[in-house]
Amino acid sequence: MKLLSPLLLILILWSCKDVELTKQSADEILKAEIKSINWKEVDFYPTFKSCKGVTSKAKSRICFETEMKKAIHQRLKQEQIITSKATQDTLVLELFISTEGNTKLNVVKISDTISSQNPNLVSWLEEAISGLPELYPAQKRSVPVSLTTELPIILK
C-alpha cells in the first residue's frame with residue numbers, strides 16, 4: 001500500500017500535464033458576446049409617454065404602431081382623400097427613428113393611382129410624422145438604438 005500511494009500520485013500528476021487551462025480576457029468575452037447578439041432585432045420598440053409601463057417587446061410594438069396610426073389618422077382625417085376602390089387601399093410607410101427619438105419618413109410605398117389622385121398625400125404624412133408627440137427610441141440591451149421599420153396604413 002505504501003508503494004501504491006506514491007505511484008498513484010505520480011500517475012495522477014502526469015495525466016494532468018495534458019490538461020490545458022486557458023484564461024480568457026475580458027475583451028475576448030466581450031467580443032464573443034457582441035457576436036452572439038442579433039443587432040437586427042430590438043428588445044423594445046420606440047415608445048411614447050402614453051406607452052409607459054409596457055414590459056414586453058410585443059406590447060411595445062403594438063403600442064408604438066397604435067400611437068403612430070392615431071397620429072397619422074388625426075392628420076389625414078382633415079383632408080379629403082380619394083381612394084381607387086370602394087373598399088380600401090393600403091400604403092406602407094418606411095420610418096426611421098434615431099437614437100434620440102427623432103422620426104423621419106424615408107419612403108412611402110403607394111399605388112400610382114392613389115398618388116395621382118392625392119398629390120399632397122406624402123406631404124400630409126410628413127406633417128403627421130413631424131407633429132408626433134415625444135418619442136423614446138428603440139432599445140437593445142437597455143441602450144437606445146436607431147430603428148427602421150415599416151408601418152402599413154389602410155385608407156378607407
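Residues are numbered from 1 along each chain as its sequence is written, and side-chain values use heavy atoms, with hydrogens and water left out. Because the model is predicted, local features need pLDDT of at least 70 and side-chain atom pairs count only at pLDDT 80 or more, while totals for chains, interfaces and linings use all residues.

Student: How many helices and strands are there in the chain?
Tutor: Helices (H or I, at least four residues) and strands (E, at least two) are DSSP runs, numbered from the N terminus. Along the sequence they follow the pattern α-α-β-α-β-β-α-α-β-β-β-β. The count is five helices and seven strands.

Student: What percentage of the residues of the chain count as buried?
Tutor: Buried means under 20% relative accessible area, exposed means over 50%, and partly exposed lies in between (1.4 Å probe, protein chains only). The chain has 156 residues, and the buried part is 29%.

Student: What share of the contacts with a separation of 6 or more comes from residues 24 or more positions apart?
Tutor: Contact means heavy atoms within 4.5 Å. Among contacts in the chain with a separation of 6 or more, residues 24 or more positions apart account for 70%.

Student: Are α3 and α5 parallel or oblique to each other?
Tutor: Axes are lines fitted to C-alpha atoms, for helices over the stretch in contact, and angles run from 0 to 180 degrees between N-to-C directions. Helix α3 (residues 57-76) and helix α5 (residues 121-130) pack at about 130°, with axes 9 Å apart. Angles under 35 degrees count as roughly parallel, over 145 as roughly antiparallel, 65 to 115 as roughly perpendicular and the rest as oblique. The two helices α3 and α5 are therefore oblique.

Student: How many nonpolar, polar and charged residues has the contact of α3 with α5?
Tutor: Helix α3 contributes Met 68, Ala 71, Ile 72, Arg 75 and Leu 76, and helix α5 contributes Leu 121, Trp 124, Leu 125, Glu 127, Ala 128 and Ile 129. Ala, Val, Leu, Ile, Met, Phe, Trp, Tyr, Cys and Pro count as nonpolar, Asp, Glu, Lys and Arg as charged, and the others, Gly among them, as polar. By class, the contact has nine nonpolar, no polar and two charged residues.

Student: Is Ala 128 buried or exposed?
Tutor: Ala 128 lies in helix α5. Leaving out residues up to four places away in sequence, Ala 128 touches Ala 71, Ile 72 and Arg 75. Its relative accessible area is 6%, so Ala 128 is buried.

Student: Which side chain does the side chain of Gln 74 join in a polar contact?
Tutor: Gln 74 is found in helix α3, and its relative accessibility of 42% is why Gln 74 counts as partly exposed. A polar contact is a pair of N or O atoms within 3.5 Å; within protein, one must be able to donate a hydrogen and the other to accept it, and residues adjacent in sequence count only if both atoms are side-chain atoms. At 3.5 Å, the partner of Gln 74 is Lys 77.

Student: Which backbone oxygen does the side chain of Ser 60 reach?
Tutor: Ser 60 has its place in helix α3. With 1% relative accessibility, Ser 60 counts as buried. At 2.8 Å, its side chain reaches the backbone oxygen of Lys 57.

Student: In which strand does Thr 47 lie?
Tutor: Thr 47 is buried, with a relative accessible area of 18%. Not counting residues up to four places away in sequence, Thr 47 touches Ser 60, Glu 134, Leu 135 and Tyr 136. The strand in which Thr 47 lies, at residues 47-48, is β1.

Student: Which residue has a side chain joined to that of Lys 109 by a polar contact?
Tutor: Lys 109 lies in strand β3 (residues 103-109). Beyond neighbours within four places in sequence, Lys 109 is in contact with Leu 91, Val 92 and Glu 150. At 2.5 Å, the polar contact of the Lys 109 side chain is with Glu 150.

Student: What is the phi of Ser 142?
Tutor: Most residues other than glycine have a negative phi. Ser 142 lies in the loop between β5 and β6, and at 64% relative accessibility Ser 142 counts as exposed. Although Ser 142 is not a glycine, its phi is positive, at about 65°.
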